Each structure stands twice: as C-alpha cells, then as structure tokens.
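Please keep the sequence and the structure in view while reading.

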Amino acid sequence: MELDSAFFDFESLLKAAKKAGKSHKNRLYVKRFTFYLERELIELGRDIRDHTYRPKPLRPFIIEEPKRRQIHSSHFRDRVVHHAICARLEPKFEARFINNSYACRKDKGHIKGVTQLYESLRKISIDKLSYLLILKADIRSYFANIPHKRLLELISRDIDDDTMYQTIQKILAAHNGTTGVGLPIGNLTSQLFANVYLNELDHFIDRRAILIYYRYMDDFVMVFDRRYHDQQEILGKIREFLKTHLYLALNPSKVYCNHIIKGMEFLGYLVCPNRISIKNKNLARLKRKIKTRRHMVAAGTISPESYKRSLISWRGILTHSHNSEQKCQLVLWAVRKFGVKPGYLLWYFFLWTLKTPPLEIRRLQSSQKNAHIAYRLWLANHDIDVLRSVESLNK
C-alpha cells in the first residue's frame with residue numbers, strides 16, 4: 001500500500017470536525033476544541049501522518065433502554081478521526097452493500113426498514129401465502145465477538161493507504177486491549193465496520209434464492225417458500241457460514257419461525273402482510289416514559305415544551321402503526337391516569353393529527369372541525385364523564 005499524504009490533510013480533518021461537533025455545539029469539550037481548532041487539527045494530522053497518533057481511552061457507560069447495554073464514548077479528538085475515516089471509506093463500502101441492509105446508512109434507518117418489509121409482504125400474491133414462512137434471527141453478542149484480524153482482511157480490499165490502515169488498527173486495538181476481538185458500541189467506525197462484516201452474510205443469503213431478506217445490523221428476517229426450502233436446512237447453512245467465514249454464531253434463544261400471515265416482530269414492530277403494530281412491550285415502555293416525563297414536568301425538572309417535543313417524537317413512532325386499538329387504549333389510559341385535559345394532549349398528538357386515525361375518529365373529524373368538541377364526544381362514547389373538565393379544556 002502506498003502512502004497518501006492528502007488523506008489526513010487539514011481540509012479533510014476540518015470537514016470531519018464540523019460533522020463530529022454538529023449535534024454537540026454547546027458541549028464544553030467541543031467549544032474548547034473549536035476555540036483551538038487550527039492548532040488541534042494541525043497537530044492531529046501530523047500525529048497521524050507520523051504514525052504517533054494514539055486514541056485516548058474510551059469512556060464506558062450503561063444505558064437501560066431499550067435494553068441494558070454498555071456504550072463506549074470516544075474522546076472528541078478521536079471522533080474527528082472516525083468521521084474522516086468514514087467519509088473516505090463509506091462510499092466504497094456502500095457500493096458493495098445490498099439495498100436491504102438498513103442500519104446506520106444514509107436514507108435508511110429502522111423505520112424505513114420496517115415499512116419496506118411491510119410493503120414487500122403486501123406485494124406477495126394471495127395464492128402463495130399459505131406456502132410462505134418468515135424467519136427471524138440475530139447474532140449472539142455481535143459487536144463483542146467480531147475478530148479484528150478477519151475484519152481487517154475484509155476492509156483492506158478497499159484501503160489503498162498505509163496511514164489509514166494503521167490508524168484503523170489503532171482504533172480497533174483501543175478497545176479491549178490486545179484481545180483482538182470486539183468493537184465498541186457507540187463509535188462511528190464501529191457502525192460502519194459492523195455493516196461491512198455482515199455484508200458477507202447478506203450476499204451469502206442473497207445467493208440462496210430467498211424471496212425476501214432484510215437486515216438491520218445483527219437482526220435479520222427472511223421469507224422463504226417451504227416447498228423449496230427447509231427451515232433447518234437454511235439455519236444449518238447460515239450457522240456453518242457464520243462459523244467458518246465470520247467466526248460468529250446465531251443466538252439460539254432469538255431464532256423464530258412463523259407463518260407469514262401471523263407476521264414477525266422486527267425492530268420494535270409486529271409486521272404482518274395486512275398491518276404494522278407496536279410490540280406490546282414497547283407500548284408498555286412508552287407508557288412508562290409518558291408517566292416519567294409528566295412527573296418531571298410537575299416537579300419542574302423539564303419544561304412543558306420539552307414534554308411536548310417528546311410527544312412529537314413518540315408520535316413519529318406510532319404514526320407507522322396501523323393498529324387503531326393500541327392508540328385508543330393509550331389515550332384512554334392517559335385519561336384515566338392523569339385526567340381529561342392531559343389526555344387531550346395525547347389525543348391531539350397520537351390520534352387527531354395522524355394520517356390514518358381510527359374509523360370512529362375519522363367520523364368525528366368529518367362532522368366536527370373543532371378538535372375539542374370531537375374529543376368530548378369520543379370520551380362520552382367511552383363512558384367517561386367530561387362535564388367537570390369542559391371549562392379547563394377550553395382554557
């Protein structure tokens with residue numbers, strides 16, 4: 001590999017620094033780096049080109065939602081390097097990726113993955129439905145078990161720069177010391193490299209003539225015809241490929257196979273050929289978040305505007321669900337839990353303004369232009385007394 005001295009030049013690092021600090025402009029460490037921007041970038045570029053660059057220790061912390069994970073936060077100086085590497089390599093890797101891989105890619109994401117899977121299921125002809133099965137699986141401790149040696153073999157096909165290659169080696173070695181295994185969850189480079197690693201599995205499955213295949217990081221779902229493919233045969237081939245080529249294994253407790261009519265849970269939604277629903281576990285989590293945020297508003301920890309912004313983000317999740325009963329139950333839960341007026345806020349965000357509200361609400365919309373009046377009628381239809389709350393609702 002030849003040395004490309006222009007790879008970590010000032011202009012490239014400047015673009016990377018702007019991207020790294022875009023969402024954290026008010027953080028003290030970003031302000032400090034920006035204040036000494038020219039000096040920091042010149043020193044960083046010199047360290048990388050002289051092969052004296054050493055990533056700083058990662059800062060681990062725990063998140064509890066949606067499940068308990070250990071996340072590793074990199075020093076901002078290292079994040080600039082991560083952005084510079086991804087800006088150079090991502091276009092090359094994208095040319096190799098299949099279209100149905102949706103994790104951490106531009107114009108992709110988990111919502112689009114769910115909606116595209118739903119659209120693919122809807123396009124299946126009715127006469128074929130009785131023969132089709134849907135299979136879902138994921139990799140056991142995926143990020144923690146990626147071997148660095150094999151990963152470097154895969155990404156080296158698109159690296160023609162010795163400086164970049166050595167920098168990537170140092171970034172990988174900064175996690176778990178000299179074990180040579182594992183990527184830190186939270187690094188931008190980890191997301192890209194994890195996609196590169198499982199891209200081999202994508203092409204392997206794609207060659208098996210599977211009808212539908214979608215992947216989001218280490219979660220993947222496929223639809224196959226049981227007349228031509230056997231479930232155990234497919235799983236056996238996938239297990240063998242993972243073991244011999246990628247040194248990984250499926251998580252046996254997260255392998256599910258179901259008839260396509262019954263659908264499959266994927267990325268927080270239950271996806272069927274006829275509709276998309278929110279998982280009951282995620283709906284319960286949403287209720288806990290609403291309850292917690294309301295208590296924070298009452299305690300003065302957050303502002304009502306912040307609470308409304310949270311509702312808007314949650315509405316984005318519920319918008320893609322076609323299950324009207326879930327949405328109605330959520331609003332009725334809020335009314336009985338917090339009262340009529342707080343429940344109206346959820347009505348307005350979760351039901352009244354949705355593109356596909358329940359039939360009874362569409363009827364109210366057609367007859368009542370005033371959302372307040374329609375809301376009272378809706379509550380009355382559910383045997384909830386609103387007379388005491390009419391005045392407060394109008395305020």
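In this predicted model, the charged end of Arg 208 sits over the ring of Phe 204, at 4.6 Å from the ring centre. Phe 204 also takes part in an aromatic pair, with Phe 241 as its partner.

**Charges over rings**
- Besides the contact of Arg 208 with Phe 204, Lys 108 lies over the face of Tyr 102, 4.6 Å from the centre of that ring.

**Aromatic pairs**
- A pair of aromatic rings is described by two values, the distance of the centres and the angle of the planes.
- The whole structure holds 13 aromatic pairs.
- One of them joins Phe 204 and Phe 241, which are stacked, with 4.3 Å from centre to centre and 15° between the planes.
- Because Phe 204 belongs to helix α9 (residues 188-206) and Phe 241 to helix α10 (residues 231-246), this pair ties together parts that are 37 residues apart in sequence.
- Phe 204 and Phe 241 are both buried.
- Tyr 375 and Trp 378 also count as stacked, because their ring centres are 6.4 Å apart and their planes meet at 25°.
- Tyr 375 and Trp 378 are three residues apart in helix α16 (residues 371-381), so about one helical turn separates them.
- Tyr 375 is buried, with a relative accessible area of 0%, and Trp 378 is buried, with a value of 0% as well.
- Ring pairs link Tyr 375 and Trp 378 with Tyr 344, Trp 347 and Tyr 348 into a cluster.

**The second largest pocket**
- The second largest pocket contains about 420 Å³ of space.
- It is lined by 21 residues, of which His 24, Ser 73, Ser 74, Arg 79 and Gly 186 are the closest to its centre.
- Two or more lining residues come from each of α1 (10-20), β1 (59-63), β2 (69-73), α4 (76-94) and α9.
- By type, the lining of the second largest pocket consists of seven nonpolar, 10 polar and four charged residues.

**Cysteines**
- How many disulfides does a search of the whole structure find? The search finds zero.
- The closest cysteine sulfur to that of Cys 86 belongs to Cys 104 and is 10 Å away, which is too far for a bond.
- Cys 86 is buried, with a relative accessible area of 5%.
- Cys 257 is likewise in no disulfide, and the nearest cysteine sulfur, that of Cys 272, is 14 Å away.
- Cys 257 counts as partly exposed, because its relative accessibility is 28%.

Notes:
Residues numbered from 1 in each chain as written. Predicted model: local features only at pLDDT ≥ 70, side-chain atom pairs only at ≥ 80, totals over all residues. Heavy atoms only, no water. Phe/Tyr/Trp six-rings, centres within 6.5 Å; stacked < 30°, edge-to-face > 60°. Helix = DSSP H or I, 4+ residues; strand = E, 2+ residues; numbered from the N terminus. Buried < 20%, exposed > 50% of the residue type's maximum accessible area, 1.4 Å probe, protein only. Lys NZ or Arg CZ within 6 Å of the ring centre and 35° of its normal. 1 Å grid on protein atoms, 1.4 Å probe; cavity = no way out; pocket = protein on both sides within 12 Å on 5 of 7 lines; lining within 4 Å. Points joined across faces, edges and corners; volume = space filled by probe spheres on them. Nonpolar A, V, L, I, M, F, W, Y, C, P; charged D, E, K, R; others polar. Disulfide = S-S within 2.5 Å.
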